[in-house]
Amino acid sequence: MHFEAPILLYGAGREAVSTRSFLARQQPQLRVYVTADNGQADIADTHFIPPEDIDGAIAAQKFGHIVKSPGVSRYKPVFDVAERAGITVTSNLNLWGASFRQDRSVIAITGTKGKSTTATLVHLMLTESGIHAGLGGNVGVAPLDMADAYPVVVLELSSYQTADMNFLPDIAAITNLYPEHVDWHGSVGQYYKDKLHLINREGPIRIALGAAAQTNSLVLAALGGTDRLLPRLSDEQRRIVNDAIDSSRLKGGHNRDNAQLAAQIALGAGATIEGVVAGIEAFMPLPHRLEEHRISDLTFVNDSISTTPEATKAALAAYPNRKIALIAGGHEREQDYDELASLLDSRGVTVLVCLPVTGDRLAVATSNVGARVEIIRATDLEAAMQALADRDDFDTIILSPGAPSYNQFKNFEERGKRFIDLAHQLFDDRVKS
């Protein structure tokens with residue numbers, strides 16, 4: 001594709017850097033601007049426009065297209081202003097679709113949780129079957145960094161990306177659907193609509209649904225009938241897949257669901273059952289997702305990637321028959337913690353350490369259900385770990401916040417790393433009981 005007018009990159013993260021590299025390869029002389037809501041944007045060969053000057057730049061027609069980063073809400077008023085001025089708002093994903101979608105098989109996977117694991121497994125299953133496949137989106141690389149390198153592409157997509165995705169995949173999958181990202185989408189209903197935009201379109205898409213999605217009325221309404229569904233695993237295929245899961249690094253019932261869904265997708269895309277098994281065997285847990293560390297006499301579980309109460313429930317279910325200290329809470333996204341609170345007793349939680357700000361709501365919900373769980377309110381992660389350092393009423397400490405990290409950390413990776421650093425700092429010399 002060719003751009004006649006300058007481009008504005010709105011956001012300055014990984015995808016913006018990828019988009020700038022793509023534009024430099026395609027049109028070296030193209031003028032590219034960049035803006036970011038949070039300070040200076042340091043991207044080579046761009047011209048910075050402060051966010052407060054964007055309305056003026058739009059009025060002056062300083063650029064003809066805006067390439068929006070996923071983390072920037074599509075519902076910011078500035079994008080309506082831009083489109084009324086005739087300026088197109090697009091994304092790294094849609095630029096990839098316009099430039100490289102043709103003659104490729106595209107598998108797109110979304111869901112509130114489990115999409116990263118499922119997409120990674122599908123990619124492994126395909127490559128172990130001898131299929132040259134790329135992995136992009138929120139895992140792997142930004143879509144435009146893959147360019148035209150792969151005949152088969154697996155895309156792991158957030159609701160930020162599915163909201164305005166303007167091309168059709170060959171295979172689309174929904175793992176599950178729970179409330180999340182209300183701050184970005186404006187409402188739970190809009191979040192659901194944007195998530196389901198992946199499948200709620202006319203066209204020859206084959207669709208696979210995770211176990212939780214199969215009984216979700218909103219998903220089924222978007223599906224519009226069963227004629228587009230991929231074939232389910234046969235009894236023999238399910239037995240083979242389950243045997244492979246049992247001897248793999250996949251932990252918990254939610255990951256069994258993810259692996260079964262991945263097998264269904266991969267087989268539908270041409271993988272062999274042998275490749276599916278090899279992919280499961282090759283799977284390594286994603287960083288910050290049920291990442292185990294044995295320190296002194298305790299098990300520490302870094303599940304910092306958990307940003308929903310459903311993810312926290314899955315983390316607790318993965319550690320049955322344990323005495324658990326759970327650290328939870330983070331950035332507010334108006335999620336419901338009542339069900340999680342009601343499960344803490346039965347999932348072996350003896351101590352609940354609550355972090356700002358959603359931890360306050362979880363603490364109240366836990367008290368309201370009369371759970372036999374000691375509740376500790378901590379100002380930050382260091383205070384939370386310090387509060388646990390001299391106790392012995394648990395054998396496992398799980399950081400599974402059930403909320404994003406942005407109120408106290410740059411991202412979930414920084415939060416998870418800090419958790420493990422504090423674990424070593426405070427517990428390395430613990431006297432074993």
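The model is predicted, so local features need pLDDT of at least 70 and side-chain atom pairs count only at pLDDT 80 or more, while totals for chains, interfaces and linings use all residues. Residues are numbered from 1 along each chain as its sequence is written, and side-chain values use heavy atoms, with hydrogens and water left out.

Start with helix α5 (residues 115-128) and helix α12 (residues 253-268). Helices here are DSSP runs of H or I with at least four residues, strands are runs of E with at least two, and both are numbered from the N terminus. The axes of α5 and α12 lie 8 Å apart, and the helices pack at about 45 degrees. Axes are lines fitted to C-alpha atoms, for helices over the stretch in contact, and angles run from 0 to 180 degrees between N-to-C directions. The two are therefore oblique to each other. Angles under 35 degrees count as roughly parallel, over 145 as roughly antiparallel, 65 to 115 as roughly perpendicular and the rest as oblique. On the α5 side, the residues that meet α12 include Leu 121, Val 122 and Met 125. Among their partners in α12 are Ala 259, Ala 262 and Ile 265. Contact means heavy atoms within 4.5 Å.

Next come helix α11 (residues 235-246) and helix α13 (residues 273-282). Their axes come within 9 Å and cross at roughly 20 degrees. That makes α11 roughly parallel to α13. Ile 240, Val 241 and Ala 244 are among the α11 residues in this contact, and Val 276 and Val 277 are among those in α13.

Now turn to the rings. The whole structure holds nine aromatic pairs. Rings of Phe, Tyr and Trp (its six-membered ring) pair if their centres lie within 6.5 Å; planes under 30 degrees apart count as stacked, over 60 as edge-to-face and the rest as tilted. Tyr 160 and Trp 184 are stacked, because their ring centres are 4.6 Å apart and their planes are at 20 degrees. Tyr 160 sits in helix α7 (residues 159-162) and Trp 184 in helix α8 (residues 182-185), so the pair ties together parts 24 residues apart in sequence. Both residues are buried. Buried means under 20% relative accessible area, exposed over 50%, and partly exposed in between (1.4 Å probe, protein chains only).

Leu 355 counts as buried, at 4% relative accessibility. Asp 380 is 25 residues away in sequence, yet 6.0 Å from Leu 355, C-alpha to C-alpha.
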